[in-house]
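Subject: Structure for you to look at

Hello,

Here is the structure I promised to send over. Please open it and keep it beside this email as you read.

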Amino acid sequence: MADRDVSFASFNLYNLQLPGEAIYSDADGWTREIYDRKIGWTGDTLRRLSADFVGFQELWAKAALEDALENAGLSGSHKALVPPDHDGGKIVCAGAVREDMLASEPEWITDFPDEMVLRSDGDDPQTESIAVNLSSFSRPVLHARVQPDPSTPVIEVFVCHFKSRRPTQIWRENWYDRDTHGDHVNALGYAISTIRRTAEAAALRVIVTKIAKKTDTPVVIIGDMNDGKQSNTLNILTEQPSYLAPLSFGGVDNGLYTAQTLQEYRSTRDVYYTHVFKKDRESLDHILFSEQFYDNSEDRLWLFREMIVENDHLNFEDHKFSGTGDHGVIRTEFRWKPTDKAKAALGMG
């Protein structure tokens with residue numbers, strides 16, 4: 001059974017760039033000393049996680065990721081997934097996958113699907129018309145197909161990094177007037193960022209629905225979604241499936257379940273957080289999965305085993321010097337344990 005078990009992790013690399021290379025407006029980037037600390041901490045964390053598939057956010061340089069994998073002792077077993085045309089001039093979503101699991105070459109999705117239309121004339125007489133003209137992801141979404149074992153189905157995996165909750169800097173815009181808009185930069189900036197993040201969540205949901213609806217295709221979404229479990233962003237992505245009582249069976253064809261919720265069912269209290277801002281601990285990083293990974297689904301293939309969170313480093317605010325990240329790192333593991341119905345569908349008897 002162990003060969004058919006599978007584990008996933010989400011890891012925000014906090015601007016992993018080669019030393020001396022630019023990071024946004026910082027032309028000098030990391031010093032060699034800090035870079036070595038980052039590679040050491042990242043490698044140690046990856047070694048402890050020992051996940052089959054890791055989804056990364058905020059990667060600048062492929063060579064830096066390869067340094068981290070080598071430090072972790074994973075360079076012989078895992079393949080780095082980085083866009084082939086990536087030149088290190090921007091951050092990307094990336095991955096590291098056990099080489100024998102990769103079922104096909106990965107792709108990075110930049111454009112929203114054609115079905116993604118956010119336009120309405122209003123659904124009641126008091127509602128004004130609205131149109132959102134976004135057409136692409138801020139960070140292209142990594143789409144990889146993995147197969148833990150030849151006897152298991154292929155899993156469709158997506159790695160995403162949605163727009164941050166920081167207010168968009170509208171003071172850079174040509175329409176901005178300090179006298180008119182100066183007192184409102186935060187409100188307007190937060191609203192713009194929220195609209196972008198919401199649109200990105202809806203676009204990814206459309207992509208997943210086209211794969212998962214009315215099929216038995218296993219789907220996993222990994223990412224820094226910059227929003228909490230109860231947020232509208234997550235509600236759009238998951239479609240809010242019901243979590244069934246113990247010993248009940250059912251499942252939702254098109255829904256996505258959260259590792260956080262299943263872990264909370266196994267814990268005496270909620271101690272899950274992946275980000276700290278102004279001493280507010282919250283969960284921005286998530287692993288979502290289709291009913292093929294949900295304990296109580298009639299179509300379950302893998303049983304949720306546990307989720308772990310590495311977040312002790314978040315209690316210290318020296319990430320730029322210590323080499324640590326500014327997000328917690330999460331890992332979830334699933335054990336191959338298909339239901340009788342799922343076995344029959346796979347022809348396993």
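In which loop does serine 164 lie? Serine 164 sits in the loop between β9 (155–161) and α3 (178–181). Helices (H or I, at least four residues) and strands (E, at least two) are DSSP runs, numbered from the N terminus.

Two notes on the source. This is a predicted model, in which local features need pLDDT of at least 70 and side-chain atom pairs count only at pLDDT 80 or more, while totals for chains, interfaces and linings use all residues. Residues are numbered from 1 along each chain as its sequence is written, and side-chain values use heavy atoms, with hydrogens and water left out.

**Serine 164**

Serine 164 is buried, because its relative accessible area is 13%. (Buried means under 20% relative accessible area, exposed over 50%, partly exposed in between, with a 1.4 Å probe and protein chains only.) Serine 164 touches Ser193, Arg197 and Asn226, leaving out residues up to four places away in sequence. Contact here means heavy atoms within 4.5 Å. The side chain of serine 164 also reaches the backbone nitrogen of arginine 166, at 3.4 Å. That is a polar contact: a pair of N or O atoms within 3.5 Å; within protein, one must be able to donate a hydrogen and the other to accept it, and residues adjacent in sequence count only if both atoms are side-chain atoms.

**The pockets**

Rolling a probe the size of a water molecule over the atoms shows where empty space is left. The largest pocket holds about 1,700 Å³ of space. A pocket is found on a 1 Å grid over the protein atoms alone: it is an open set of points, where a 1.4 Å probe fits, with protein on both sides within 12 Å along at least five of seven lines, and lining residues have an atom within 4 Å of a point. Grid points are joined across faces, edges and corners, and a volume is the space filled by probe spheres set on the points.

The lining of the largest pocket has 43 residues. Tyr14, Glu58, Ser164, Arg166 and Asp326 lie nearest its centre. At least two lining residues come from each of β1 (6–16), β8 (136–146), α4, β12 (275–277) and α7 (319–322). The classes are 15 nonpolar, 13 polar and 15 charged residues. (Ala, Val, Leu, Ile, Met, Phe, Trp, Tyr, Cys and Pro count as nonpolar; Asp, Glu, Lys and Arg as charged; the others, Gly among them, as polar.)

The second largest pocket holds about 150 Å³. Helix α5 (residues 232–238) gives the largest share of its lining, three residues. Leu256 and Thr238 are among the lining residues.

Helix α4 (residues 185–212) has 28 residues. From first C-alpha to last it reaches 40 Å, close to the 40 Å expected at 1.5 Å a residue. The expected span is 1.5 Å times one less than the number of residues. Just after α4, lysine 214 has a positive phi of about 60°.

Arginine 205 is in helix α4. Why does arginine 205 count as buried? Its relative accessible area is 6%. The side chain of arginine 205 reaches the backbone oxygen of leucine 237 at 2.5 Å. Beyond four places in sequence, the contacts of arginine 205 include Thr238 and Leu256.

**One more residue**

Asparagine 15 lies in strand β1. Its phi is near 55°, a positive value in a residue other than glycine.

Best wishes
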